[in-house]
Amino acid sequence: MKGLKSIFVPLCCAVMSVIGGCIKNDIPYPRIQANIRAFDVAGSYKAAEIDSTEMTVNVYLDESTNIRSVRIDSFALTPEAHFVDFDPSVPVDLSESKQVTVALYQDYVWTITANQPIERYFTVANQIGASEIDVPAHRVIAYVSASADVSALKVLSIKLWPEGSTVETDLLEGTVDFSRPVEVKVEQFGISETWYIYIESRQASVTTVSADGWTCVGWVYGEAEEGRDNGVEYRKSTDTEWIRAPKEWITTDGGSFTCRLVHLEPLTKYDVRTYSDEDYGSEMSFTTGVTLQVPNTDFNNWWLNGKVWNPWAEGAESFWDTGNKGATTLGTSNTYPSEDTPTGTGTAACLETRFVGIGAIGKLAAGNIFSGYYVATDGTNGILSFGREFTERPTKLRGYFKYKSTAISSTTAGYEDLKGRNDTCFIWCALSDKSEPYEIRTNPKNLQLFSPNDPSVIAYGNFQLGETVSSYREFEIKLNYNATNRVPRYIVIVASASKYGDYFTGGNGSTLYIDDFELLYDYDD
């Protein structure tokens, strides 16, 4: 038996070794996206914007910062993740977008892009309109009246290069001969470049550059010689008499001027033209839009599906939605209809911030409502779609609210200093020409929130208040436009009882009532 045992044990070990060598490890690695969660660089003028879905980091540099040698002050990654091919202790060249790999079980390629806006301008005496500044070609073209002597022209202002640059010559001294292109050599951080400045004569003394028609507002852009009587005239296309726009409607920037026409009639064709002294620019036309309102702005339509309150009539098409589907995973709806209204009739939307869960297990859910729809629940977090189709250009959002502000009781990392302060309600509106609605994710692992600085944002405005208002009060949000000629595709309207609810920070019991929203299409002046 002893001999058999001595043979059996090694044999079993050998068999197990062979079997073990045939077994494959089919257990997959966890799939956790490796994110850059914070990224601070020296010489920045605002915080970096991080998009975990697109895996991008946008940093914003002062114009005096050397973009070819940017020092990283601090960064944060998903726990246990690491950079593969990037050393953050070494200054990085961000003159072009840089790709870096962040690893956590799998590799994820992120793109870091630097934005460095540089103020540039150039003006001369007798100039017509604004200078054309071509940064990649290092070229400037300015236009002057036909009577100007380009061989002895006075430069009024110039800044074409970043602060701190060394410039070869001072063009502000005396007059400059621009009968030929003028070369200017510039150096910064050891990099040299040459700029070329051209002056061209223009026969027309005034030019109507462009015209944009909204609904009750129109915009007219003109160019003429600075110092002359420059302005805009307009009329309905069916009229014969021109109306001269008041001077207070016109803003001037050197030889360029902009006129904001107000109190126009919707769905009406208008003719416009510029003038300079006794001369007139070409005529242009535009047709105004409609005073469109979004659905259910009185918040009278609701239906209860199980324990989820939905802000639209049962069977009807939705425009608004809430985070209720996420909140009800641990409690009841915290956005719901209320008969407490400004007029005493119908219903208002009541948005209540609550800590939902059992005991210490749970999280803060801010009462909210938004134009869009709730996509899915990610654990106890939400995936939302912000934006509904909309192509008009309102000037303001008006409505009624009242608010109970409680002390902030729940905070998350980075917002600890807010604990104990008054909670703040937040209402905002944006217009966007993005090709699709904004996807919002509240899970800290792949957090993605809306940014008013997104390039697709045409207009944005907000209202916020950090105190209790016991009786209904009117609010008004002015929409600030980034351009007058871009046409929206989507409108985003969001209201929340807690400004930092996206970060699960707010006061338990803070309650915002809202009612009777209205889009306005004119300006007061």
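## Around Pro295

In this predicted model, Pro295 touches Phe319 and Trp320, leaving aside residues up to four places away in sequence. Pro295 sits in a loop.

Pro295 is partly exposed: its relative accessible area is 45%. Ile369 lies 74 residues from Pro295 in sequence. Their C-alpha atoms are 14 Å apart in space.

## Confidence

The chain has a mean pLDDT of 90. A pLDDT of 70 or more is reached by 92% of its residues. Residues 1-28 have pLDDT below 50. Beyond near neighbours in sequence, that stretch has one contact in the model.

## Nonpolar cores

The largest nonpolar core holds 56 residues. Leu261, Leu512 and Ile514 have the most contacts inside it. Leu261 has contacts with several residues beyond its neighbours within four places in sequence, among them Cys216, Val220, Tyr234, Trp249 and Phe286.

A second, separate core has 24 residues. Ala81, Phe83, Val100 and Leu104 are included in it. In soluble globular proteins, nonpolar side chains tend to be buried together.

Three strands form an open sheet in the order 8-11-13. The pairing is antiparallel. Strand 8 (121-124) and strand 13 (175-176) are the edges. Each has a single partner strand, so one side of each lacks a neighbour in the sheet.

Strand 11 covers residues 153-159. Four bridges join strand 8 to strand 11. Which residue in strand 11 is the bridge partner of Val124? The partner is Val155.

Definitions and conventions: Residues are numbered from 1 along each chain as its sequence is written. This is a predicted model: local features need pLDDT of at least 70, side-chain atom pairs count only at pLDDT 80 or more; totals for chains, interfaces and linings use all residues. Side-chain values use heavy atoms; hydrogens and water are left out. pLDDT is the predictor's confidence in each residue, from 0 to 100. Contact means heavy atoms within 4.5 Å. Helices (H or I, at least four residues) and strands (E, at least two) are DSSP runs, numbered from the N terminus. Buried means under 20% relative accessible area, exposed over 50%, partly exposed in between (1.4 Å probe, protein chains only). A nonpolar core is a set of buried Ala, Val, Leu, Ile, Met, Phe, Trp, Tyr and Cys residues joined through side-chain atoms within 4.5 Å. Two strands pair if DSSP finds at least two bridges between them.
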